[in-house]
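This report walks through one structure for a reader who meets it here for the first time. Please keep the sequence and the model in view while reading.

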Amino acid sequence: MPLRAAQGVVEHWAGRRVLWLVLLLHVSTFLDDAIRMALDYEVQRQTFEVVCGASGNQEPVRVVSAICSHIVGFPAAMPYISVAWQLTGSILVLSRYLPQAGCLMLASWTVVQPFVYAQQGSPTFVFTSATVLGGILILLASEILRARLARDPRASAADLDRLLLAGRVLLVGLFFWKGVEQIASCLRTDFDSLPNTVLHCALLVLLALITGLVVIGLKVRRIALFLATALIASAPVSYPWFITCCGAKKWFMADVVMEGAWQGKYEIDASTAADQQRYYFWQRLAAAGGLLQLALFGGGAHSADTLLEERESLI
């Protein structure tokens with residue numbers, strides 16, 4: 001179904017509460033990050049000092065971090081900038097006052113964040129951010145169309161369908177990376193039994209099929225709803241930060257680049273581990289919000305679902 005037709009259908013049956021819940025999931029990671037920085041300013045300032053100090057002497061590819069390291073007062077100001085930027089963008093989206101501006105603010109922060117934290121070398125961080133960005137682009141397309149239809153009920157949505165396609169491609173970033181990790185795990189593992197081999201291969205095929213269907217836009221509503229449910233259900237299992245923070249044992253930092261090198265065995269305390277888990281927990285919920293947005297509005301004109309609908313209407 002084209003985006004223009006989907007807009008009216010969704011607003012007719014979904015209701016304001018459902019749409020607001022989806023918006024809340026979209027901005028959940030930004031609200032949490034802003035609150036965390038506001039309540040833990042000193043630790044965040046020290047983090048930016050370490051990032052700027054390390055990246056200035058490391059690989060030249062870290063352009064953003066290297067520039068920031070030469071800006072006087074940047075580590076002290078960055079937590080305030082982050083709080084203001086993310087909080088303002090989230091409020092604009094939730095209030096529906098200037099949702100397009102809010103989406104652009106959140107999208108820009110999602111793009112810059114891996115470089116600000118010098119995590120562009122962490123595939124998990126980058127692909128998770130890509131998935132969140134894809135959801136924001138889908139939300140942006142729907143908000144732009146909503147504003148156009150308010151001015152002219154016959155407004156075109158052709159350019160927005162291309163934006164929706166870009167959002168769909170980015171939205172599967174996290175699942176794509178999980179598939180790559182699964183392949184790497186299979187290559188490193190000596191399977192003792194045939195059932196284990198079959199199980200891993202079946203999971204890879206299923207993941208490849210699901211991500212492919214989202215990209216081409218076939219059965220996209222059902223698949224997006226399934227993936228959103230899976231992300232919401234798996235988030236507290238994969239990242240139980242609310243349990244980790246109460247423990248006392250040591251943890252190993254995962255999926256983080258420290259001082260220019262991959263630190264797979266970097267020991268941290270429970271509080272720091274919970275902080276990292278909390279970040280990825282809310283990232284998954286934000287990604288689920290993007291998938292629910294896709295489930296509500298469909299894949300747009302550039303999708304297999306729409307092509308099949310048009311073909312059936314001609315028969």
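## A pocket and its surroundings

The second largest pocket has a volume of about 460 Å³. A pocket here is an open set of points, on a 1 Å grid over the protein atoms alone, where a 1.4 Å probe fits and protein lies on both sides within 12 Å along at least five of seven lines, and lining residues have an atom within 4 Å of a point; the volume is the space filled by probe spheres set on the points, which are joined across faces, edges and corners. Of the 14 lining residues, Phe175, Lys178, Leu203, Leu207 and Ala230 are the closest to the centre of this pocket. Helices H9, H10 and H11 each give two or more residues to the lining, and the largest share, five residues, comes from H11. By type, the lining divides into 10 nonpolar, two polar and two charged residues, where Ala, Val, Leu, Ile, Met, Phe, Trp, Tyr, Cys and Pro count as nonpolar, Asp, Glu, Lys and Arg as charged, and the others, Gly among them, as polar.

The model is predicted, so local features need pLDDT of at least 70 and side-chain atom pairs count only at pLDDT 80 or more, while totals for chains, interfaces and linings use all residues. Residues are numbered from 1 along each chain as its sequence is written, and side-chain values use heavy atoms, with hydrogens and water left out.

The protein has 14 helices and four strands, taken as DSSP runs numbered from the N terminus (helices H or I, at least four residues; strands E, at least two). Of its 315 residues, 45% count as buried, meaning under 20% relative accessible area, with exposed over 50% and partly exposed in between (1.4 Å probe, protein chains only).

The largest nonpolar core has 33 residues; such a core is a set of buried Ala, Val, Leu, Ile, Met, Phe, Trp, Tyr and Cys residues joined through side-chain atoms within 4.5 Å. The largest share of this core, 12 residues, comes from H13. Apart from it lies another core, of 28 residues, among them Met78, Leu94, Leu106 and Ala141.

Leucine 227, which lies in helix H11, is one of the residues with the most contacts inside the largest core.

| Residue | Contacts |
|---|---|
| Leucine 227 | Phe175, Ile210, Val214 and Leu291 |
| Leucine 291 | Leu171, Phe175, Ala224, Leu227, Ala228 and Leu231 |
| Aspartate 32 | Arg278 and Trp282 |

Leucine 227 is buried at 4% relative accessibility, and aspartate 32, in helix H2, is buried as well, with a relative accessible area of 10%.

A search of the whole structure finds 11 aromatic pairs, in which rings of Phe, Tyr and Trp (its six-membered ring) have centres within 6.5 Å, and planes under 30 degrees apart count as stacked, over 60 as edge-to-face and the rest as tilted. The rings of phenylalanine 127 and phenylalanine 176 have centres 5.7 Å apart and planes at 50°, so this pair is tilted. The pair links helix H7, which holds phenylalanine 127, with helix H9, which holds phenylalanine 176, 49 residues apart. Phenylalanine 127 is partly exposed, at 24% relative accessibility.

Technical notes: Contact means heavy atoms within 4.5 Å. Lists of a residue's contacts leave out its neighbours within four places in sequence.
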